[in-house]
Amino acid sequence: MKKTTERCVDILDDARVKKIETELHRSNEFLRNLIESSVDGIIAADMKGNIIIFNKASEKLLGYQAEEVMKNVHVTQLYPQGVAKEIMRRLRSGEYGGHGRMSPCKMTGIRKDNTHIPVNISASIVYEDNREIASVGFFYDLREKMRAERELRETQFQLLQSEKMASLGKLAAGVAHGINNPLAGILMYAGILMEEMEKHDIRRKDLARIIEEANRCKMIVKDLLEFSRQTDDTMTPIDMNHTIKQGLSLLESQALFHNILIVKELDSSMPQILGNQNHLSQVLTDMVINAADAMDGRGTLTVKTGHSRGMGWIVINDTGCGIPHKNLSRIFEPFFTTKEEGKGTGLGLSTSYGIIKKHGGEIEVKSAVGKGTTFIIKIPIKRA
């Protein structure tokens with residue numbers, strides 16, 4: 001009877017052990033699935049820096065496979081030098097979320113290909129009997145968020161720029177039309193006086209200066225009218241390669257371009273775009289002349305065309321003096337110019353910006369002082 005009772009107890013103990021083992025296995029499996037299904041990277045390491053947990057999100061984020069990272073990679077290799085040590089310092093200080101914890105903060109992680117990526121990291125120390133046995137970090141990829149924020153800033157800037165230009169355009173049109181009539185009168189009467197004067201009259205020099213300055217005012221008025229876009233807005237299919245060749249052929253003969261090498265890399269498969277021929281020719285002319293001015297009439301000017309994702313693009317690159325970083329955000333502002341007084345009105349790039357935006361396109365600039373400037377113009381391709 002005693003043996004029978006002992007046997008029954010053993011059977012019950014075995015059953016309890018198996019039940020506990022099953023529950024433990026289920027619990028471990030649940031935790032493993034929980035870690036693997038996280039959209040954030042979860043990385044744990046022992047106190048020697050050996051990685052013991054590296055979930056799928058971490059694989060995607062940092063480019064390693066879990067197997068290789070747990071065998072061959074020390075946790076410090078996942079950060080720039082000194083960052084892992086700084087994280088542990090924060091965890092132990094109690095000043096960044098409590099003792100053994102670190103609240104989310106922006107840091108940098110290093111991928112397998114050695115590229116640096118921005119991440120938000122929160123972390124904690126794992127204790128056993130008040131003894132540190134591991135640390136675990138939660139990594140949130142900031143690249144998409146930063147890209148969205150950058151695009152939002154660019155959109156806000158473009159909206160502000162468009163509103164500013166619309167208001168200034170109306171003002172410019174009113175000013176230009178108001179000045180045109182008296183300016184025409186000044187030129188007409190100055191011309192009559194010039195014809196009536198004797199060739200040796202000493203006043204002819206002063207009168208010629210009046211006519212010269214009045215003509216300069218006339219050009220400014222013309223720029224104002226172009227800026228306000230009080231011109232024909234007819235849109236037609238345009239072969240940009242032909243337009244570029246035609247425009248460059250007219251400019252190449254000018255003295256400013258005699259010591260400039262013009263390189264044309266025009267994509268023969270470039271589709272037509274729907275645009276205003278006169279306006280786009282004006283943009284091209286202004287851009288190319290600006291490039292020649294930046295090179296002081298000596299250097300290499302490269303004009304490229306191409307297309308992708310429904311957009312035709314034109315790249316104008318010069319080897320000139322470049323644009324200081326502090327001015328890059330202002331170059332499309334109306335009346336902003338770095339040229340000497342009397343050399344420019346500051347309306348050329350503003351007008352070009354307005355024309356390209358009106359075509360549903362974009363205009364970007366990249367520049368470095370002493371290395372030249374690149375303008376990239378993108379315009380939607382004409383749909384069939």
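Ser 135 is placed in strand S5, which spans residues 131–141; strands (E, at least two residues) and helices (H or I, at least four) are DSSP runs numbered from the N terminus. With a relative accessibility of 16%, Ser 135 counts as buried, where buried means under 20% relative accessible area, exposed over 50%, and partly exposed in between (1.4 Å probe, protein chains only). Leaving aside residues up to four places away in sequence, Ser 135 touches Ile 43, Ala 44, Ala 45, Met 47, Met 88, Ser 124, Ile 125 and Val 126, a contact being heavy atoms within 4.5 Å. The model is predicted, so that local features need pLDDT of at least 70 and side-chain atom pairs count only at pLDDT 80 or more, while totals for chains, interfaces and linings use all residues. Residues are numbered from 1 along each chain as its sequence is written, and side-chain values use heavy atoms, with hydrogens and water left out.

The chain as a whole contains 10 helices and 12 strands. Of its 384 residues, 36% count as buried. Among contacts with a separation of 6 or more, 60% are between residues 24 or more positions apart. The chain exposes about 24,000 Å², of which carbon and sulfur atoms supply 54%; accessible areas come from the Shrake-Rupley method with a 1.4 Å probe, and for residues only the protein chains shown count as cover.

Met 88, one of the contacts of Ser 135, is also among the buried residues of helix H4 (residues 83–93), together with Val 83, Ala 84, Ile 87, Arg 90 and Leu 91. Viewed down the axis of H4, these buried residues fall within an arc of 160°, so they line one face of the helix; the arc is that of the directions from the helix axis to the C-beta atoms. The buried residues of H4 pack against strands S3 (101–110), S4 (116–128) and S5. Just after H4, Gly 94 has a positive phi of about 80°.

The count of salt bridges comes to 14, each being a side-chain nitrogen of Lys or Arg within 4 Å of a carboxyl oxygen of Asp or Glu. In one of them, Glu 132 pairs with Arg 92, the closest N and O atoms being 2.9 Å apart. This pair links distant parts of the chain, with Glu 132 in strand S5 and Arg 92 in helix H4, 40 residues apart. Glu 132 is partly exposed at 25%, as is Arg 92 at 42%. A salt bridge also joins the side chains of Glu 68 and Lys 112 (3.2 Å, N to O). Glu 68 lies in helix H3 (residues 66–72) and Lys 112 in the loop between S3 and S4, so the pair ties together parts that are 44 residues apart in sequence. Glu 86, Arg 89 and Arg 90 are linked in a salt-bridge network.

In helix H5 (residues 143–196), Glu 144 and Arg 147 lie 3 residues apart, about one turn of the helix. Their side chains meet in a salt bridge (2.3 Å, N to O). Tyr 189 is also found in H5, and is exposed, with a relative accessible area of 53%. Met 188, Tyr 189 and Ile 192 make a nonpolar surface patch of about 310 Å². Patches are made of residues with over 30% relative accessible area and no salt bridge, joined within 9 Å for like charges and within 5 Å for nonpolar side chains (Val, Leu, Ile, Met, Phe, Trp, Tyr).
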